[in-house]
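Please load the model in your viewer, show it as a cartoon, and keep the selection panel at hand. The stops below say what to select next and what is there.

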Amino acid sequence: MSTSGVSSGIVVRPAARLRGRLRLPGDKSITHRALILAGIAEGTSRILGGSDGLDCNSTAGVLQALGVTVERLGPPDGGRVDRLVRSPGRAAWREPVGVLDAGNSGTTLRLMAGVLAGTPMYAILDGDASLRGRPVARIIEPLRRMGATLHARSADTLPPVTIVGRAPLTAIVHRPRVPSAQVKSAVLLAGLSAEGTVQVHEAVPTRDHTERMLRARGVSVHGAPADGAWLVTMEGGATVRALDEQVPGDVSAAAFWLVAGAAHRDAELTLESVGVNPTRRAVIDLLGRMGARIREEPVAEGAAEPMANLTVSTSDLHAIDLDADDVARAIDEIPALCLAAACASGTSRIRGAGELRRKESDRIAGIVEGLSALGVRISADGDDIEITGDAERRSFGLAGAPVHTHDDHRLAMTFAIAGLLAEGETSLDESASAAVSYPGFFSDLERMRA
Ligand code: S3P
């Protein structure tokens, strides 16, 4: 993540108690898609309670460079912001004069590459140093097969990505090699310009926000089991209608508080209106399997996605074994789950977590380094992680220590939560990265110390 160069190092002290109610930032994945679909559709769409994180603001910036108007309706409130998007429709987008800056956001880069593959213009997508290290061959290959021209640095593997889009594209059947909602979404969004039926076979069903939101905007798309896989089928060449979206609280942000509440010796926290979509809620269920006391009350608010208030309280956690499918379902929450495992009795094993090495940082290396510094017995062997926990950790059994976040928002927030559970001071070398997905995280951290 690029910061202004001003040090944002922070010291986190242990919390004697954790109490409170939180409204989390709007879901990052849903906000990206709401912005992109509002930009594709001709007309006006309101996005209410969307994420005000840097990643979603990168998506808004890219759309603005293409001629879409994105206006904020009032000041942000705890990482949530209402936006009004006005678009002339994708057919009337203007070719961007400069490089499109996706910042730190893989979702912006990969989803917009899909959209631009089906838009007849020349565009370059780039980002910060972290994004320039993230794989793009996984989108270039299917989008080329659909008929677009794409190139990237380092033998077409790393950003920046140049795209010469085309319409119509050819419909394809795609079988991603690793489960990825970003790859699926790139193919579906390109498929809006394709003639025929687009199919994506997923070994594990990944988050289905793109499918739900396309369907709500008039596109024929559905998912169903097929031959032991999950098959997503979309009729190409569809028109996307403008539509308002109410964005639920981000379950990936909730994960940090669920772990804090379960692992702390004196905690009760309520998280309001959290998105509990079945393809996103794995972290809630995995923590439940570890013994976390999480109460779930459904919220009827008329949002397109299911929501619930979650109340978590001090729990006796025990170890868990996760396989590659669990990792795919909880891909963004594995760092927080590693911290939960450190505070659980027994040895937890996480297998097949290789995709974590290709996130905003190498999260396997970062979590092993950081939790080791805090006194946890944790090791990695290739793509597998082993953590020997200690239920007594919740009585401040973690050792406060300096830790490196590697400018990765999810590592920064995991280590900050660890600091609440530690004895002494935990100092993070930077805290600015949290704003990628959760701008108010450190003020919420202070509020939750009862
Ligand atoms: C996302 C998909 C996941 C996830 C990312 C957001 C999305 O990435 O890690 O934070 O919104 O589609 P992959 O598709 O690369 O697994």
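**Cavities and pockets**

The structure holds 3 cavities of 30 Å³ or more, where, on a 1 Å grid over the protein atoms alone, a cavity is a set of points at which a 1.4 Å probe fits but cannot get out, and a pocket is an open set with protein on both sides within 12 Å along at least five of seven lines. Lining residues are those with an atom within 4 Å of a point, and a volume is the space filled by probe spheres set on the points, which are joined across faces, edges and corners. This is a predicted model, in which local features need pLDDT of at least 70 and side-chain atom pairs count only at pLDDT 80 or more, while totals for chains, interfaces and linings use all residues. Residues are numbered from 1 along each chain as its sequence is written, and side-chain values use heavy atoms, with hydrogens and water left out.

Select D27, I30, H209, P248, G249, V251, G275, V276, N277, R280 and E305 to outline the largest cavity, which holds about 40 Å³ of space. Its lining has 4 nonpolar, 4 polar and 3 charged residues, with Ala, Val, Leu, Ile, Met, Phe, Trp, Tyr, Cys and Pro counted as nonpolar, Asp, Glu, Lys and Arg as charged, and the others, Gly among them, as polar.

Go next to P179, S180, A328, I331 and K359, which lie nearest the centre of the largest pocket among its 38 lining residues; the volume of this pocket is about 540 Å³. The elements that give two or more residues to the lining are α1 (28–40), α3 (106–117), α6 (181–191), α10 (324–329) and α13 (409–421), and α10 gives the most, with 5 residues. Helices (H or I, at least four residues) and strands (E, at least two) are DSSP runs, numbered from the N terminus. The lining of the largest pocket has 10 nonpolar, 12 polar and 16 charged residues.

For the second largest pocket, of about 300 Å³, select I40, G89, R90, A91 and T239, which lie nearest its centre among 16 lining residues. Here the classes are 9 nonpolar, 5 polar and 2 charged residues.

**Two domains**

Colour the chain by its domain assignment, which gives domain 1 (3–25 + 248–447) and domain 2 (28–240); such bounds come from an automatic or database domain assignment. Their C-alpha centres lie 28 Å apart, and the contact between them (heavy atoms within 4.5 Å) takes 27 residues from domain 1 and 24 residues from domain 2. The largest pocket draws at least three lining residues from each of the two domains.

**The sheet with β2 and β17**

Display the open sheet of 4 strands in the order β2-β17-β19-β18, whose pairing is mixed; two strands pair if DSSP finds at least two bridges between them. Because β2 (18–23) and β18 (293–299) stand at the edges with a single partner strand each, one side of each is left without a neighbour in the sheet. From one strand to the next the twist averages 15 degrees. Angles run from 0 to 180 degrees between N-to-C directions, with axes as lines fitted to C-alpha atoms, for helices over the stretch in contact.

Within this sheet, β17 (267–275) and β19 (307–313) run antiparallel and are joined by 6 bridges. Which residue of β19 is the bridge partner of E268? The partner is S313.

Parallel pairing over 2 bridges links β20 to β21 (346–350), and R349 in β21 is the bridge partner of D321.

Zoom in on β22 (377–381) and β23 (384–389), antiparallel over 5 bridges, which form a hairpin with 2 residues between them. D381 stands opposite D384 in β23, and G382 in the turn has a positive phi of about 65 degrees.
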